[in-house]
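Here is a quick tour of one chain, written to be read alongside the model. Keep the viewer open and follow along.

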Amino acid sequence: MVFIAGFILGKMDIKSITIIVIKEISQLNIASITDIFSSREIASGVWIFIFIIFILSKPEIRDSVFKVVQAATAKQLIIPLVIIIIYSTILVLIASLFSFWQLKYLKDVAFWVIFVGVPVSFGAIAINENNHYFTGILKGILNLLLLLSFY
């Protein structure tokens with residue numbers, strides 16, 4: 001963020017920003033994939049990848065998948081999603097300034113944003129139509145939590 005502000009204010013050029021960013025990345029202690037994800041999460045990712053390959057190998061299903069992807073990437077859906085991701089990123093960057101934040105929490109934050117933050121944000125449109133909006137959200141989150149805990 002400091003680099004971007006420096007670039008916008010004209011205090012830094014692209015070359016110096018690139019050098020500083022590369023230096024910072026090289027100093028990071030990036031964990032291996034087995035340190036970040038459990039074996040169950042890695043296995044789930046492999047099975048999801050195999051399922052996607054299977055779906056894309058069938059021509060009649062592939063056309064439908066591309067139509068779904070095209071509908072899901074409509075401007076009306078992407079703009080709020082990008083705003084949610086930027087907001088979450090800003091919160092993570094602010095939290096990283098404090099000593100209680102660690103890189104290992106990034107996976108949990110990403111899962112929360114995908115499975116809780118985005119659905120709640122998109123469901124907030126119906127808040128005026130439903131008097132029990134928050135209790136419905138809590139029930140849905142608890143059901144998902146129970147399902148994930150069982151898994």
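## An exposed tyrosine and its patch

Tyr-87 is exposed, since its relative accessible area is 54%. The cut-offs here are under 20% relative accessible area for buried, over 50% for exposed, and partly exposed in between (1.4 Å probe, protein chains only). Tyr-87 sits in helix H6, which covers residues 75-95. Helices are DSSP runs (H or I, at least four residues) and strands are too (E, at least two), numbered from the N terminus.

Tyr-87 also belongs to a nonpolar surface patch of about 990 Å², along with Ile-78, Val-82, Ile-86, Ile-90, Leu-91, Ile-94, Leu-97, Phe-98 and Phe-100. For a patch, residues need over 30% relative accessible area and no salt bridge; nonpolar side chains (Val, Leu, Ile, Met, Phe, Trp, Tyr) are joined within 5 Å, and like charges within 9 Å.

## What you're looking at

A word on ground rules: this is a predicted model, where local features need pLDDT of at least 70 and side-chain atom pairs count only at pLDDT 80 or more, while totals for chains, interfaces and linings use all residues. Residues are numbered from 1 along each chain as its sequence is written, and side-chain values use heavy atoms, with hydrogens and water left out.

The protein chain has eight helices and zero strands, so in sequence order the pattern reads α-α-α-α-α-α-α-α. Of its 151 residues, 11% are buried. The accessible surface comes to about 12700 Å², and carbon and sulfur atoms account for 73% of that; areas come from the Shrake-Rupley method with a 1.4 Å probe, and for residues only the protein chains shown count as cover. Take the contacts (heavy atoms within 4.5 Å) between residues at least 6 apart in sequence: 39% of them join residues at least 24 apart.

## The salt bridge

Which side chains meet in a salt bridge? A search of the whole structure finds one such bridge, and the partners are Glu-41 and Lys-107, at 3.0 Å from N to O. Glu-41 lies in helix H4 and Lys-107 in helix H7, so the pair ties together parts that are 66 residues apart in sequence. The criterion is a side-chain nitrogen of Lys or Arg within 4 Å of a carboxyl oxygen of Asp or Glu. Side chains of opposite charge can pair when their charged atoms come close.

Buried or exposed, how does Lys-107 count? Lys-107 is buried, at 18% relative accessibility, whereas Glu-41 is partly exposed at 27%. Leaving out neighbours within four places in sequence, Lys-107 contacts Ile-36, Phe-37 and Glu-41. With residues up to four places away not counted, Glu-41 touches Ile-36, Lys-107 and Phe-111. The side chain of Glu-41 also has a polar atom 2.9 Å from the backbone nitrogen of Ser-38.

The search of the whole structure turns up one aromatic pair. The rings of Phe-111 and Phe-115 have centres 6.1 Å apart and planes at 50°, so the pair is tilted. Rings of Phe, Tyr and Trp (its six-membered ring) pair if their centres lie within 6.5 Å; planes under 30 degrees apart are stacked, over 60 edge-to-face, and the rest tilted.

Both phenylalanines, Phe-111 and Phe-115, are in helix H7, four residues apart, or about one turn of the helix. Phe-111 is partly exposed at 34% relative accessible area, and Phe-115 is partly exposed at 48%.

Methods
Polar contact = N/O pair within 3.5 Å; in protein donor to acceptor, adjacent residues only side chain to side chain.
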